[in-house]
Amino acid sequence: MNAAWTRVSAVAAKDLTAERRAKANIVAVTSLGALTLLVFGFAIGPDVATLRTAAAGILWLSVLFSGVLVFHRSYQIELDGGALEALLLYPGERWEIFVGKLLANLFVVLLVEAIVIPVALVLYHVAIPDTWPQLLVVILLGTLGFVTLGTFYSAMASRTRSREVLLPLLLFPMLVPVLLAAVEGSAAYLSGNAMGDAGAWLRLLIVFDVIFILAALFVFEHIIEA
Amino acid sequence: MLAIPAPLIQAEVARARTLAISLSGITRRFGHKWALRGIELDVAFGDLVVIQGHNGGGKSTLLRVIATAIMPTGGTGRILGKDLWREAAAIRAESALLGTTNGLYEDLSATENLLFAARMLGVRQPAERVAEALRQVGLANDAHERVRAFSSGMQRRLALGRLLLQQPKLLLLDEPFNTLDADGVALVSALIAGTRERGGAVVIVLHDLARLTMPPSATYTMTAGRLS
């Protein structure tokens, strides 16, 4: 288990170092997230009530668009120097590579969210609710499910020539359950959970996360070797 | 159907276990094209086997199959005594492939690249081993430079450094002398000799046999996916 963790942490640290070195990439990803918020804000108009109602959905959409760039980059660094084959030839299990990449992507997407969420709060006139700890849990669980699927499908798309186009086509339909639960849960907690339905969305997110993580761990070996 | 007597099968398996490589009827198809057609190959421990042939003949595909980078379409094989189909992970632990690409991360430094390899390989005392490997491949002074700034020859040397960390029982080299200067060529020769001295086997794909400084145990030619 110790050797497995060493390889998981090696993959995660390598990806994060490469990401840190390519500063332009993280700036571009974060800028895309902020711009998405801005553009949707203009499209909705100046009505504060409408902006507040739409805030959770648009926030998750901005994370979605930014995340796709993060996932794409995650395997691009393996393809650039022909490193993917070398990576697959190291001893150890395939799931270790998946978990390493998942952790690195999770860190980067959370970093993007740390910048994008305050921007959303300001642009959409949303006050920090009293239920912010629960909101934070929803965001973390939603991000975990999103990044799990993103890491998995970007691995699948990386083995194809039209990977840039294929990734969103594969990922977006599969994200619907996670996105729905994350948006509804976030909206509920942002409004102080007036309807009392936030807990159900939270439980649904936990179920989706467990299913997606287990499925990805089992299937990753087959898709990365395809 | 003609039944093969069990003792004969057992004898064949026992013979295959004593070989570094034992392939029988290996095929590999990419789409409609057959890259490998019924490959039969035995390589003993300590052997240096050279594979030559025209471009597109299937040489690199054969190395990748032996390294378990890709699985064959058909056939059977034992690599280092382990079943090619069922024990790929165990084969990877004891073999190393230097392909036509170097498999390096351009945004990482030379040291970071080798430290990553060392951690993936489970190398003990990784920092010391990496420093030693960099010294051996002549990149000690460029240890903290990013690989992106390296020439193609320096990148090839760094890829050789990764093999030094691993010290595999089976070394698979695909045109290893490409872009290397005289010192680099000597480095590859030392790597081959070192592997054989440890009792390991080496399979090398090479166009220019003159660059090999030691006589091979056997030389094969690959043409249209067939080995002769």
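## Helix pair in chain A

Angles under 35 degrees count as roughly parallel, over 145 as roughly antiparallel, 65 to 115 as roughly perpendicular, and the rest as oblique. In this predicted model, the axes of helix H3 (residues 48-80) and helix H6 (residues 132-158) of chain A cross at roughly 45 degrees and come within 9 Å. H3(A) and H6(A) are therefore oblique to each other. The crossing of H3(A) past H6(A) is right-handed.

On the H3(A) side, the contact is made by A:Gly67, A:Phe71, A:His72, A:Ser74, A:Tyr75 and A:Leu79. Their counterparts in H6(A) are A:Phe146, A:Gly150, A:Thr151, A:Ser154, A:Ala155 and A:Ser158. Classified by residue type, this contact holds seven polar and five nonpolar residues, with no charged ones.

## Overall form of chain B

Chain B contains seven helices and ten strands. Along the principal axes, the C-alpha atoms of chain B fill a box of roughly 65 × 35 × 35 Å.

Of the 228 residues in chain B, 46% are buried. Among the chain B contacts between residues at least 6 apart in sequence, 73% join residues at least 24 apart.

## Contact between chains A and B

Chain A and chain B contribute 21 residues each to their contact. On the chain B side, helix H3 (88-94) and helix H4 (110-121) each supply at least two residues. H4(B) gives the largest share of that side, five residues. The chain B side comprises eleven nonpolar, five polar and five charged residues.

Methods: Residues are numbered from 1 along each chain as its sequence is written. Chains are lettered from A and ligands numbered from 1 in the order in which they are written. This is a predicted model: local features need pLDDT of at least 70, side-chain atom pairs count only at pLDDT 80 or more; totals for chains, interfaces and linings use all residues. Two residues are in contact if their C-beta atoms, placed from the backbone, lie within 7 Å. Helices (H or I, at least four residues) and strands (E, at least two) are DSSP runs, numbered from the N terminus. Ala, Val, Leu, Ile, Met, Phe, Trp, Tyr, Cys and Pro count as nonpolar, Asp, Glu, Lys and Arg as charged, and the others, Gly among them, as polar. A residue is buried if 20 or more other C-beta atoms lie within 10 Å of its own, exposed if 12 or fewer, and partly exposed in between; C-beta atoms are placed from the backbone. Axes are lines fitted to C-alpha atoms, for helices over the stretch in contact, and angles run from 0 to 180 degrees between N-to-C directions. A crossing is left-handed if the near helix is turned anticlockwise from the far one by less than a right angle, and right-handed if clockwise.
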